[in-house]
Amino acid sequence: MKFTVMVNEGPYQHQSSDSAIQFIRAALEKGHEIFRVFFYHDGVNNGTRLSLPPGDDRLLQKEWSELAKEHDLDMVICIAAAQRRGLMDAKEAERQGLDANNIIDGFHISGLGQLIEGGIQSDRTIVFGD
Amino acid sequence: MSTKKFMFVNRKAPYGTVYALESLEVVLIAAAFDQDISLAFIDDGVYQITKGQDTTGIGQKNFSNAYKALGDYDISKLYVEKESLAERGLTQDDLMDLVWEDEDDDWAEKPSIIMVDRAEMTAVMAEQEVTLSF
């Protein structure tokens, strides 16, 4: 089965990021396809490379990044939600005249149309949120 | 591109958290994809479409007029759960008059709000192909 997964909450603050990553691992193990992972609301914070939790805790952004690399996942951060919350890739930071960017490898920034397209193209769309 | 039944489930009050505003942004993008779109308002989500919203005291943008524009995007099915209204001491009179224009009926203005009870809402949700919950 082909899934699109939506992640609506930030890491650590909320369980939804952990649940989503565990769901995706389990789905891939069972041979399912992940069409796209779409990060919205505070979920965009899963894509920052500047998180530094205590050493005995998981580093969720790195787990997402490695999962994307391992399975060639399409992981999209919503541009409108990202701009509100200060998530920038190099290209967008330059376009906006900002002095820094903070996206970790494996994520890219795009529009809400990617979520709707995911819903249309996938057999199931699963929302992880509050 | 194929057409699917999309439902946007609005469960939270319009201010206090950003869910309602950002949900509306998704709805407007979905409209551009020519999908079969419904909105559901349950729990505190019913406050999103109440009349007379005034945000001057909290310094936030009042986006309630955007719901009135949904009809212009061919979004004409706004399901409101009766029990959620009643539990909050509200009636349909407390909601905005949201309408759409039916091009197959000489552009007659028709109400967009469809009042349903909890069991009916369950049935409408069961028909959906993509349900996004906010």
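These legends go with a set of close-up views of a predicted two-chain model.

**View 1. Here is the whole predicted model, with its scores.** The model comes in at ipTM 0.94 and pTM 0.96. For chain B, the average pLDDT is 96, and 99% of its residues score at least 70.

**View 2. Chain A on its own, element by element.** Chain A is built from five helices and five strands. Start at the N terminus and you'll walk through β-α-β-α-β-α-α-β-α-β. Its C-alpha trace spans about 45 × 40 × 30 Å along the principal axes. A compact globule with 130 residues would have a radius of gyration near 14 Å, and chain A agrees with its 14 Å. Of the 130 residues in chain A, 44% are buried. Among chain A contacts with a separation of 6 or more, 74% link residues 24 or more positions apart.

**View 3. Now for chain B, shown by itself.** This chain has four helices and seven strands, laid out along the sequence as β-α-β-α-β-α-β-β-β-α-β. The globule rule gives 14 Å for 134 residues, and the radius of gyration of chain B is 14 Å, so chain B is as compact as a globular protein of that length. Along the principal axes, the C-alpha trace of chain B spans about 45 × 30 × 30 Å. Buried residues account for 33% of the 134 in chain B. As for contacts in chain B with a separation of 6 or more, 76% are between residues 24 or more positions apart.

**View 4. This one zooms in on where the two chains touch.** Chain B puts 15 residues into the contact, and chain A puts in 14 residues. On the chain B side, the elements giving two or more residues are α1 (19-31) and β7 (130-133). The largest share of that side is the six residues from α1(B). Sort the chain B side by residue type and you get 10 nonpolar, two polar and three charged.

**View 5. Next up is the largest nonpolar core.** This core has 64 residues. The residues with the most contacts inside it are A:V5, A:V37, A:F39, A:I77 and A:C78 from chain A, plus B:F8 and B:F41 from chain B. Helix α1(B) supplies the largest share of the core, six residues.

**View 6. A closer look at B:F8 and what it touches.** B:F8 is one of the residues with the most contacts inside the largest nonpolar core. Leaving out residues up to four places away in sequence, B:F8 touches B:S23, B:V26, B:V27, B:L39, B:L132 and B:F134.

**View 7. Here's the hairpin of β4(B) and β5(B).** Strand β4 (residues 99-102) and strand β5 (residues 108-111) of chain B run antiparallel, joined by four bridges. Look for B:D102, which stands opposite B:A108 in β5(B). There are five residues between the strands of this hairpin, and B:D106 takes a positive phi near 55 degrees.

View 8. You'll find A:R25 in helix α1 (residues 16-29) of chain A. A:R25 has 15 other C-beta atoms within 10 Å, so it counts as partly exposed; a buried residue needs 20 or more, and an exposed one has 12 or fewer. A:R25 and A:I104 are 79 residues apart along the chain, and their C-alpha atoms are separated by 19 Å.

How values were computed:
Residues numbered from 1 in each chain as written. Chains lettered and ligands numbered in written order. Predicted model: local features only at pLDDT ≥ 70, side-chain atom pairs only at ≥ 80, totals over all residues. Contact = placed C-beta atoms within 7 Å. Nonpolar A, V, L, I, M, F, W, Y, C, P; charged D, E, K, R; others polar. pLDDT = per-residue confidence, 0-100. Core = buried A, V, L, I, M, F, W, Y, C linked by C-beta atoms within 7 Å. Rg over C-alpha atoms; globule rule 2.2 N^0.38 Å. Pairing = 2+ DSSP bridges.
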